[in-house]
Amino acid sequence: MFMSISTTGTAASPATDLGFLLHKHPGKVQRFSTAHGEAHVFYPEAGDEACTAALLLDVDPIALVRSGRGKGRAGSPDLALAQYVNDRPYAASSLLAVALRTVFRTAMKGVCEARPGLADRPRPLRISLPAVPVGGGHTAEGAAAAMVVRLFEPLGWQVEATAIPLDAAFPEWGESRYVRLELSAERARLADALQQLYVLLPALDGAKHYWVAPDEVDKLLAAGEGWLAGHPERALITRRYLSRRWSLTRRAMERLELARLAEADDREAEEVDNAVDDTTEETGQEQDQAQERSEQRPPSLAEQRRAAILAALREVGAARVADLGCGQGELIGALLKDPRFTEVLGVDVSVRALSAAARRLRLDRMPERQANRVRLVQGALTYTDARLKGFDAAVLCEVIEHLDLPRLPALEYAVFGAARPPAVVVTTPNAGYNVRWESLPAGHLRHADHRFEWDRAEFRAWAERVAAAYGYTVDIRPVGPLDDEVGAPTQLALFRLGDGAEPGGNPAAAAEPGSTAAADSTDSTDSTTPEGGETR
């Protein structure tokens with residue numbers, strides 16, 4: 001199994017800098033032991049203008065068989081080959097990926113202590129792999145080469161993928177599943193190239209020589225940092241890298257989607273996925289006990305808010321409801337208790353919130369007929385999303401105040417302009433009521449993640465502007481104990497789509513159609529409010 005890495009240079013920036021990047025001296029031949037054979041690193045050429053480093057992996061077929069991975073599902077997929085005679089010693093598979101990690105571990109991290117800054121500078125690279133297996137039963141002419149191009153070309157590589165015939169003496173037999181691969185780039189970081197090979201070689205082969213454990217998800221995400229989340233074939237790569245273990249694939253895809261949304265919003269993933277405090281999640285028994293306690297006391301503001309939302313949804317005759325920014329699923333649970341709501345979609349950007357919602361709703365133990373009524377999906381509400389279309393009503397319960405004001409127009413367009421349900425229910429805190437909370441310091445917002453809080457006049461002005469812009473009518477209602485001076489603690493807006501109405505004017509702050517505004521953390525799970533009740 002062979003691979004070469006080549007670069008070019010000048011007297012000012014010699015090609016032999018490749019030795020510093022790989023941490024392997026061009027004047028030496030080095031040998032490294034791996035679990036299944038010996039890896040050798042040497043330089044066929046080393047000069048200022050051109051330098052090539054080669055990795056030769058000598059796989060021991062006996063050691064591979066003794067490990068129990070020399071044949072079958074986890075080894076070569078060609079079941080007709082004997083366990084001692086297979087393609088593993090020659091094809092660039094997961095064995096080569098593991099050797100890369102063993103031999104070039106420091107180079108893959110982008111570290112070069114001897115020449116600070118060198119690892120961060122892109123340089124011309126050419127990578128040659130004589131035999132790359134492409135699994136998955138590709139039988140169409142050119143299918144294997146096309147698969148290689150699909151995975152490498154979006155990363156900026158110029159790809160030369162030449163299918164290897166089954167037998168050159170008998171061209172009528174057609175192509176094998178092996179491809180001769182040449183990757184070239186005018187400017188690329190060596191660390192990025194090695195990380196991409198570490199992921200994509202096993203993904204192309206589709207069969208690993210070791211059992212895929214849960215920690216493979218962490219390895220995939222670490223090696224794919226900065227490029228995998230935005231790859232158009234990330235689902236295919238993830239599925240094949242994890243050997244089609246669906247539970248691990250689903251977990252990896254959730255984390256990749258979160259990384260993509262965080263990158264689009266120029267935020268850390270932890271900032272986006274902050275809807276749930278692990279210490280506050282309740283077990284099923286604790287939920288039952290909380291329900292018993294709630295029956296013995298007056299309803300909290302959160303309960304009054306949910307009751308007001310349900311009343312509004314019944315008023316408009318909604319049966320299919322989208323809970324946008326569903327948090328831990330409190331409102332979804334209330335919707336499922338009423339049989340008139342036949343379908344409920346819960347959407348949240350936070351994977352942790354969706355996991356907490358699934359536990360709270362006990363989806364794994366819910367009867368099939370009941371479970372068919374509910375669906376939880378990850379999504380950011382500042383993106384248009386076809387999954388939000390076709391519902392009778394959408395609910396934004398304590399959501400808008402979690403967005404930065406400049407991003408609010410993107411949400412307006414995504415919900416009122418693109419999804420365009422016949423009814424939309426929006427609730428948000430009434431800032432004027434904050435003076436009634438004795439435990440809330442003056443000038444502070446009710447929750448640390450709130451970006452703003454509006455008084456009644458500000459909320460009405462926003463609601464009426466949105467209604468006029470998108471062809472809705474709006475009715476503003478108080479929720480909670482009503483104070484003659486400052487109003488109620490929560491304000492609710494019920495939007496109804498006008499009969500045959502088209503969107504009206506385009507307010508200056510509204511998002512333009514087709515907007516791809518950056519995703520914002522639309523998680524809607526507040527912590528305990530000053531009056532001691534949950535906010536959802």
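This is a short walk through the structure, stop by stop, with what to select at each one.

**Before you start**

You're looking at a predicted model, where local features need pLDDT of at least 70, side-chain atom pairs count only at pLDDT 80 or more, and totals for chains, interfaces and linings use all residues. Residues are numbered from 1 along each chain as its sequence is written, and side-chain values use heavy atoms, with hydrogens and water left out.

**The whole chain**

Colour by secondary structure: there are 17 helices and 14 strands. Those labels are DSSP runs numbered from the N terminus, with helices being H or I of at least four residues and strands being E of at least two. Of the 536 residues, 51% count as buried; buried means under 20% relative accessible area, exposed means over 50%, and partly exposed is in between, using a 1.4 Å probe and protein chains only.

**The seven-stranded sheet**

Select β1 to β7. They make an open sheet in the order β2-β3-β4-β1-β5-β7-β6, with antiparallel pairing; two strands pair if DSSP finds at least two bridges between them. β2 (30-34) and β6 (158-165) are the edge strands, each with a single partner strand, so one side of each has no neighbour in the sheet. On average, neighbouring strands are turned by 15° against each other, direction ignored.

Zoom in on β5 (residues 123-133) and β7 (residues 175-188), an antiparallel pair with eight bridges. Pick Leu125 and you'll find Ala185 of β7 opposite.

**Two helices across the sheet**

Next, show α3 (residues 94-103), which lies across β1 (2-8), β2, β3 (37-46), β4 (50-59) and β5, and runs at about 120° to β4. For angles like this one, axes are lines fitted to C-alpha atoms, for helices over the stretch in contact, and angles run from 0 to 180 degrees between N-to-C directions. How many of the 10 residues of α3 are buried? Seven are, so call this helix mostly covered. Select Ser94, Leu95, Leu96, Ala97, Ala99, Leu100 and Val103 to see them.

Then bring up α6, which lies across β1, β5 and β7 and runs at about 15° to β5.

**α6 against α7**

On the scale used here, under 35 degrees is roughly parallel, over 145 roughly antiparallel, 65 to 115 roughly perpendicular, and the rest oblique. Show side chains for Gln195, Tyr198 and Val199 in α6, which meet Lys219, Leu220 and Ala223 in α7. By class, that contact has four nonpolar, one polar and one charged residues. Ala, Val, Leu, Ile, Met, Phe, Trp, Tyr, Cys and Pro count as nonpolar, Asp, Glu, Lys and Arg as charged, and the others, Gly among them, as polar.

**α16 against α17**

Jump along to α16 (residues 408-419) and α17 (residues 456-470), whose axes come within 11 Å and cross at roughly 50°. That makes α16 oblique to α17 as well. Leu408, Glu412, Tyr413, Phe416 and Gly417 in α16 meet Trp462, Arg465, Val466 and Tyr470 in α17. The residues of this contact divide into six nonpolar, one polar and two charged.

**β8, β9 and Glu343**

Select β8 (residues 320-324): four of its five residues are buried, so this strand is largely enclosed by the rest of the structure. β8 and β9 run parallel, joined by five bridges, and Leu324 has Val347 of β9 as its bridge partner.

Which strand holds Glu343? Glu343 sits in β9 (residues 343-348), partly exposed at 23% relative accessible area. Leaving out residues up to four places away in sequence, Glu343 touches Ala319, Arg320, Val321, Arg373, Arg375 and Phe391.

**Two positive phi values**

Most residues other than glycine have a negative phi. His23, though not a glycine, has a positive phi of about 60°; look in the loop between α1 (17-22) and β2. Arg362 also has a positive phi, about 55°, and lies in the loop between α14 (351-361) and α15 (368-371). His23 is partly exposed at 35% relative accessibility, and Arg362 is partly exposed at 24%.

Note on methods: Contact means heavy atoms within 4.5 Å.
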